[in-house]
Amino acid sequence: MADETGTNPTLDSVDTDLAADDADAEEILAMKTRLEEIEKEAAALREMREAQEREAKAIAAVAAPTDPDAMETEDDRQAADERSIYVGNVDYSASPEEIQAHFQACGTINRVTILCDKFTGHPKGFAYVEFADPAFVETAMSLNESLFKGRLIKVTPKRTNIPGFGRGRGRGGFRGSYRGGGRGGGFGYQPYRARGR
């Protein structure tokens with residue numbers, strides 16, 4: 001009988017267990033409620049981010065065509081190169097406005113670019129002039145060997161560089177092949193052999 005009384009719970013212990021279960025249930029319910037609130041906030045944030053991304057894409061799509069420097073495709077670059085000329089032997093003190101004034105009689109000019117050294121910022125002595133129409137390039141060719149700020153300038157159509165073409169192996173480096181050489185005048189490696197053996 002002692003075993004029976006030890007295994008039977010008392011009324012006080014049952015009430016304590018029920019109170020603890022009620023407290024756990026309330027805590028779980030509060031956690032579930034908070035989790036639902038967090039999920040709703042996360043969904044709202046995702047919707048806001050997607051709306052901002054759509055808005056940014058729409059702005060970029062509208063702004064891109066109006067930007068004259070933005071060249072979207074390789075075809076656009078090639079078309080710009082066909083409308084452009086290379087001007088060599090340009091005076092270092094020349095400004096884009098002066099070059100534009102020199103070529104203004106050839107046709108409408110979209111852009112004048114004077115290339116500068118990236119370290120010093122000084123002009124390199126050549127420029128590119130982009131016209132509105134490819135027909136103006138032929139007119140500009142007539143100004144080859146003309147005098148600009150006391151120098152004879154060289155005018156040629158701008159060429160399009162093909163990436164990786166004509167680079168070779170770069171500067172310097174090993175250019176010849178190893179022929180062996182040395183005493184035997186031999187071909188390749190020959191180990192030392194003592195005389196008379």
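Tutor: Strands pair if DSSP finds at least two bridges between them; strands themselves are DSSP runs (E, at least two residues) numbered from the N terminus. This is a predicted model, where local features need pLDDT of at least 70, side-chain atom pairs count only at pLDDT 80 or more, and totals for chains, interfaces and linings use all residues. Residues are numbered from 1 along each chain as its sequence is written, and side-chain values use heavy atoms, without hydrogens or water.

Student: Which residue in the hairpin of β2 and β3 takes a positive phi?

Tutor: β2 (residues 109–116) runs antiparallel to β3 over six bridges, with Ile109 opposite Phe131. Six residues sit between the strands, and the positive phi, near 85°, belongs to Gly121.

Student: How do the rings of Tyr86 and Phe126 pair: stacked, tilted or edge-to-face?

Tutor: Rings of Phe, Tyr and Trp (its six-membered ring) pair with centres within 6.5 Å; planes under 30 degrees apart are stacked, over 60 edge-to-face, the rest tilted. Here the centres are 5.6 Å apart and the planes at 40°, so this pair is tilted.

Student: How many residues apart in sequence are the parts this pair ties together?

Tutor: Tyr86 belongs to strand β1 (residues 84–88). Phe126 is in β3 (residues 123–131), so the separation is 40 residues.

Student: Which residue lies over the face of Tyr128?

Tutor: Tyr128 also pairs edge-to-face with Phe126, at 6.1 Å and 85°, and ring pairs link Tyr86, Phe126 and Tyr128 into a cluster. A charge sits over a ring if NZ of Lys or CZ of Arg is within 6 Å of the centre and within 35 degrees of the normal. At 4.8 Å from the Tyr128 ring centre, that residue is Lys158.

Key: Helix = DSSP H or I, 4+ residues; strand = E, 2+ residues; numbered from the N terminus.
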